[in-house]
Amino acid sequence: WKSWMTIWCWMTLGFGVLFAGAATPATDAGARLFFDIVDGARHDPALFDDPAMRFAQGLIGAIMIGWAMTLFTAVRAADLAGPAVWRGLTGAVIVWYVIDSAISVATGFGLNAVSNTVFVIAFLIPIIASGALRPRAA
């Protein structure tokens, strides 16, 4: 399960890099593809010409990269400290999932909620299977 969690953290980092790349035309292909997938290519391709859009997507990428680095640290700390840290980390992931997915559906990007669901399930499988949330025996 530790390997699974490490891979999950790397996936988070990868998405962060993808969105950070949206900040410049030379590196925005991944973010453009993501938008094409989650909204069925309904958006105007000129959407990425808007500096505010590039700023927002780049900023989201930077936040996700920072979140991934925090998750790497939190996963290591939770492994050492135990269930209380795993419960806090799991709570944070669930809060993100609910808010991000609700916004995705409300703004017409429901397929993003589907990808969020896959992502949160990929987090929960090793957490539940490992018993990391259960109190440690004294």
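I94 is partly exposed, because its relative accessibility is 32% and this class lies between buried (under 20% relative accessible area) and exposed (over 50%), with a 1.4 Å probe and protein chains only. The residue sits in helix α4, residues 83-106; helices here are DSSP runs of H or I with at least four residues, numbered from the N terminus. Together with V95, V98, I99 and I103, I94 makes a nonpolar surface patch of about 430 Å². Such a patch takes residues with over 30% relative accessible area and no salt bridge, nonpolar side chains being joined within 5 Å and like charges within 9 Å. A salt bridge here is a side-chain nitrogen of Lys or Arg within 4 Å of a carboxyl oxygen of Asp or Glu, and areas follow the Shrake-Rupley method with a 1.4 Å probe.

The model is predicted, with pLDDT of at least 70 needed for local features and 80 or more for side-chain atom pairs, while totals for chains, interfaces and linings use all residues. Residues are numbered from 1 along each chain, and side-chain values use heavy atoms, without hydrogens and water.

Turning to the rings, the count comes to 12 aromatic pairs, where ring centres of Phe, Tyr and Trp (its six-membered ring) lie within 6.5 Å and planes are stacked under 30 degrees, edge-to-face over 60 and tilted otherwise. F34 and F35 pair edge-to-face at 6.3 Å centre to centre, with 85° between the planes. F34 is buried at 16%, as F35 is at 10%. F119 is buried, at 9% relative accessibility. Ring pairs also link W96 and F119 with W8, W67, Y97 and F123 into a cluster.

Methods: Helices (H or I, at least four residues) and strands (E, at least two) are DSSP runs, numbered from the N terminus.
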